[in-house]
Amino acid sequence: MSAISARAEQPEGGANCAPFVALTWLTVAAALATAVVHLYYNSIGLISELRFAALHFGFFGLMCALTVPAFKNRERGRLGAGIDIVIGLLALFCGIYFLFAEDAYWARGGKMEGLDIYVALGSIVLALEFLRRTMGIFIPILILIALSYAAFWGQHISGIFRFPGISVEELIARAYFVNLGLFGDIAQISMTYVFMFVLFGSFLVKSGASVFIIDLSRALARKAIGGAGIVAVLGSALMGSISGAAVANIVTTGVVTIPLMKRSGYRPTFAAAVETAASTGGPLLPPIMGAGAFVMASYTQISYLTIAAVAVLPALLYFLSVIYLIRMQALKDGLTDFEDQDARPLGTVLREGGFTLAPIIVLIVLLVMGYTATYAAAGAIISTIVFSWISPKPLTPRDIVEATIDGVKNATPTAILLVSIGLLIGVLGTTGFGPTFSLMIIEWSGGMLVVMLGLIAIVSLVLGMGLPVTAAYIVLATISAPSLADLITTSNMVDVLTSGTVPESVTIMLSLVDPNIGERIAAGLSEAEARDILAGLPVEIRAALRPEILDPSVMAASLLAAHMIIFWVSQDSNVTPPVCLPAFVAAAIAKSPPMATGFAAFRLCKALYIIPLLFAFTPLLSGDWTERIMVFIPATVGLHALSAAMTGVLERRIGLSGRLVAAGFGILLLWPLALTLKAGAMIAYLAWFVFDWRKRRAETMPTASGSPQVAD
């Protein structure tokens with residue numbers, strides 16, 4: 001519901017409801033002002049990044065105070081509405097104050113005076129309160145622990161995590177005046193890429209794209225086995241590609257797909273789990289991925305266009321894996337006669353609504369032409385309005401205003417999260433906790449990439465129990481991406497050392513450490529010997545060797561693979577109880593137990609842990625398109641085999657031995673093996689599938705008496 005229509009929520013009472021009237025109209029004014037400021041400074045306005053980030057915090061702090069009550073289970077009374085207005089205006093003041101205080105702060109040599117310390121401290125307190133309102137209590141507590149570690153108790157512990165400590169005044173100054181806190185790199189990503197793409201998504205929804213997506217999904221899956229669940233996957237995939245957020249995805253598509261699945265015979269818990277698993281994949285699918293993808297672009301300095309391009313095939317694999325499980329569950333439960341009577345013909349759907357996706361084409365074209373992501377998003381927003389004018393339902397000025405307000409409201413929780421999480425990232429950088437933990441992961445893994453991936457998955461699972469997706473990715477990337485990228489590049493260096501084509505400069509550098517290494521290289525190294533040599537090198541020497549041994553593109557690909565692995569596994573926050581908001585939202589729609597829904601969705605999301613293995617061990621991300629396709633095709637079959645092993649269903653039920661065989665096929669088709677071996681395994685598995693499919697069809701074919709045979 002837009003802010004304009006929010007006045008319908010006001011209680012009656014005339015003058016006694018003045019705070020509610022003020023709250024409503026202040027929300028409308030604040031949302032429009034927020035949009036104008038961000039559109040101006042993202043296009044033609046000139047301002048420093050820190051000052052823009054301060055304004056970003058101020059305006060979205062105001063929006064959060066106005067739109068998110070302090071206590072969700074209590075009605076906001078007149079006093080509460082008045083207090084929230086004051087709190088919001090204080091947040092706006094803290095943001096604007098920075099514009100006038102920054103120069104004076106640096107002119108004094110980085111010393112806070114007068115109001116500085118009160119405003120800076122107030123900004124931290126407000127950020128934590130807004131974070132509590134939007135994301136719950138866990139993240140604010142985690143940030144408070146981190147801040148106290150830097151200022152107080154870090155100096156009292158022993159071991160590698162001991163930190164001498166900094167003064168409280170310096171800690172507060174870093175959080176407010178320096179780009180090591182609230183207004184750092186993460187906030188700057190929020191005020192540019194994230195805001196513009198969320199606003200674009202809001203305009204697309206207002207233009208009718210969400211309705212078209214649901215209609216298109218129903219037309220495509222109107223007679224498929226498990227069709228109601230497949231509608232959820234297709235709809236959530238397409239909707240997720242323009243919203244980039246799982247909860248927004250569920251709210252938009254789940255109200256249609258979950259009742260459809262229940263009417264088709266799905267249990268409420270499974271229906272909600274399907275919608276959750278499908279919506280979890282939305283942020284993985286370009287062109288509009290989750291906020292973490294923009295953070296990834298900033299961390300890796302790899303363009304968002306490149307990240308989006310390499311993310312397409314893995315995202316398709318994820319959605320295929322969910323479809324496989326849905327179809328197999330439908331076969332298992334005997335739900336084979338689905339037909340969506342209300343689905344419209346595909347041609348009619350495309351003819352009447354296809355124009356709503358034209359702005360996405362504009363976005364992609366602008367990105368390919370080299371425009372920045374913010375300019376491309378702005379162009380796509382304008383094109384959404386223009387294309388609507390040639391449609392049966394053109395956007396009116398009121399629609400444009402409502403889309404703007406809705407976009408700002410939708411961006412508020414993410415903006416608050418990304419600004420506030422800067423406090424935690426600043427502490428990790430200041431104290432050196434991140435690099436220290438990264439070195440510990442390398443040591444625990446023993447230099448084995450598979451072990452490290454397992455450790456990262458476990459850490460992600462633990463973080464996912466309390467952090468939302470974007471926060472989990474940022475924290476996990478900060479503490480583990482360097483070590484993971486180092487180990488991936490080390491594997492590439494091993495390949496070079498064992499190839500017999502080692503550059504002379506590398507041999508000379510290695511000989512400085514051990515004079516006998518040159519002779520060993522000339523004689524030929526085994527993989528184990530090469531790993532031992534690299535493991536025995538000081539970190540500085542190994543870092544200096546990388547650019548000598550590896551092509552820069554290989555190093556960039558390793559860094560991208562490391563971050564993409566972490567980005568993928570961090571999505572399990574959506575389905576990891578006790579904090580799995582998307583699963584809870586879907587459960588509310590389906591009227592199913594929330595925790596049971598979360599665990600059921602977690603089982604459907606197994607590909608979040610399987611597909612990242614392909615990032616580390618195959619050229620699915622780093623190769624040319626031919627190499628990627630050669631990984632993608634066997635992987636589609638391999639995921640089907642693993643799904644059969646997991647459910648015990650191919651086209652009919654398979655026993656334990658069948659499950660073991662299916663699991664073997666899955667491993668063969670996903671692991672980096674010779675192409676001929678994969679081709680043979682794929683042909684054998686597909687032959688088994690066709691045989692089983694024919695048996696199922698024969699067993700369910702009507703007999704002469706007119707009644708179908710019943711499968712065992």
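Student: In which accessibility class does arginine 344 count, and at what relative accessibility?

Tutor: Arginine 344 counts as partly exposed, at 31% relative accessibility (buried means under 20% relative accessible area, exposed over 50%, partly exposed in between, with a 1.4 Å probe and protein chains only). The model is predicted, so local features need pLDDT of at least 70 and side-chain atom pairs pLDDT 80 or more, while totals for chains, interfaces and linings use all residues. Residues are numbered from 1 along each chain as its sequence is written, and side-chain values use heavy atoms, without hydrogens or water.

The side chain of arginine 344 meets that of glutamate 352 in a salt bridge, 2.6 Å from N to O (a side-chain nitrogen of Lys or Arg within 4 Å of a carboxyl oxygen of Asp or Glu). Glutamate 352 is partly exposed as well, at 43%. By this rule the count comes to 17 salt bridges.

Another pair is formed by arginine 652 and aspartate 692, with 3.1 Å between N and O. It links distant parts of the chain, 40 residues apart: arginine 652 lies in the loop between helix 29 (625-647) and helix 30 (656-670), and aspartate 692 in helix 31 (residues 675-700). Helices here are DSSP runs (H or I, at least four residues; strands are E, at least two), numbered from the N terminus. Arginine 652 is partly exposed at 24%, whereas aspartate 692 is buried at 3%.

Helix 4 holds a further pair, arginine 132 and glutamate 129, three residues or about one turn apart. Their closest N and O atoms are 2.9 Å apart. Arginine 132 is partly exposed at 23%, and glutamate 129 is partly exposed at 22%.

The crossing is left-handed, the near helix being turned anticlockwise from the far one by less than a right angle. In contact (heavy atoms within 4.5 Å) are Ile117, Val119, Ala120, Leu121, Ser123 and Ile124 of helix 4 with Ile172, Ala175 and Tyr176 of helix 6.
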